[in-house]
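Visitor: I would like to learn how to read a protein model. Please take me through it one feature at a time.

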Amino acid sequence: MTDENRVMEFLGRVVADNAAAFAGVSTSLGVRLGLYRAMSGAGPLTSDELASRTGLVERYTREWLAAQVAGAYVLHDPETDTYVLPDEHAAVLADASVPTYVGGGFTMLKSLYGAEEELANAYRYGGGVSWQEYGPELAEGVAAFFRPGYEAVLVQEWLPAMEGVEAKLRRGASVADVGCGFGHSTVLMAKAFPQSRFRGFDFHEPSVEAARKLAEQAGVGDRVTFEVAAANDFPGGDYDLVTFFDCLHDLGDPGAALQHAEKVLADGGSCLVVEPNVSAEPGENINPIGRSFASTSAVLCLPAAMAQGGPHALGNHPGQEALAAIADGVGLHTWRLAVETPTNRIYDVKR
């Protein structure tokens, strides 16, 4: 017999999720159009003042503000008819340089929702959905989503946790950043370790072009290069460090990528593998971070891997044991958890 109280409780939760899904588009617009940035630190603003600051149409700006107030993202003073983005909220939505920024996650929504028909066909008939089918906003959103975290902990915590790696980088090492995307991870390492040389590889040509521009803007173009290449055949050899930032699980054949990494590693070289901090047991992911990653896996990570037709389709929560077994099978026998954050697990992998 149906428990009506439980029905109503669950209904409330789903209605809240539905409201958040609709609101996500407005949040994405706020990020893309610079509305949050314009409000950050500005104090109380009228809709006219915000429209003037952003060059947007006032009527739309006023409607956007109403949606933001309804979600308690923005505060409204009815006496003065002004709106404020609290500093604490700006740290999450306006400032891409801080680790609490999550705006990039919302700008991915257009690509994910836009691929719904392709995803439905993949669910019905098999196959997958390649990155190119999601549209250019996906790569942009992914880069924006991961960048704040990398800036906060990559050089400060992750690399020092790798056995012997930081010392090599300070002396001068050779590094391959596989699946580099827009190059944020590559450039961060290059800026921190001027004696080392870095090569970024990605199969997505627009991302590689964006990474080259980033390196030039950062002033590290003399010792950083970016090339279009697959994870299982990128050029070069004798690398002291090969990195896989949040990309290994997206590959149809992660074993081939790790096997190639093992082949091109210098003696004593290491692989840094960054993966989501989620569990292979679905019931252990009933929390906001776990839900976010599991939901993304169902509409992006798994379909992208399936599109490659490889022997694996891991999703983004296969678990450490599954990844370590694949690595062990290709000659990378040491798989150690070096450090973890609320969102990521960082592995130190060696022969």
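**Helices, packing and a pocket**

Guide: The crossing of α10 and α12 is right-handed, where right-handed means that the near helix is turned clockwise from the far one by less than a right angle. This is a predicted model, in which local features need pLDDT of at least 70, side-chain atom pairs count only at pLDDT 80 or more, and totals for chains, interfaces and linings use all residues. Residues are numbered from 1 along each chain as its sequence is written, and side-chain values use heavy atoms, without hydrogens and water.

Visitor: How many helices and strands are there in the chain?

Guide: The chain has 16 helices and nine strands; these are DSSP runs numbered from the N terminus, helices being H or I with at least four residues and strands E with at least two.

Visitor: At what angle do α10 and α12 pack?

Guide: Two packed helices are described by the angle between their axes and the distance between the axes. Here α10 and α12 (residues 184-192) pack at about 35 degrees, with axes 9 Å apart. Axes are lines fitted to C-alpha atoms over the stretch in contact, and angles run from 0 to 180 degrees between N-to-C directions.

Visitor: Which residues in α10 and α12 meet?

Guide: Among them are Tyr150 and Leu154 in α10, and Leu188 and Met189 in α12; contact means heavy atoms within 4.5 Å. By class, this contact has eight nonpolar, two polar and two charged residues. Ala, Val, Leu, Ile, Met, Phe, Trp, Tyr, Cys and Pro count as nonpolar, Asp, Glu, Lys and Arg as charged, and the others, Gly among them, as polar.

Visitor: What is the volume of the second largest pocket?

Guide: Rolling a probe the size of a water molecule over the atoms shows where empty space is left. The second largest pocket has a volume of about 430 Å³. Of its 21 lining residues, the closest to the centre include Glu140 and His184. A pocket is an open set of points on a 1 Å grid where a 1.4 Å probe fits, with protein on both sides within 12 Å along at least five of seven lines; lining residues have an atom within 4 Å of a point. The volume is the space filled by probe spheres set on the points, which are joined across faces, edges and corners.

Visitor: Which element gives the largest share of that lining?

Guide: α10 does, with seven residues.
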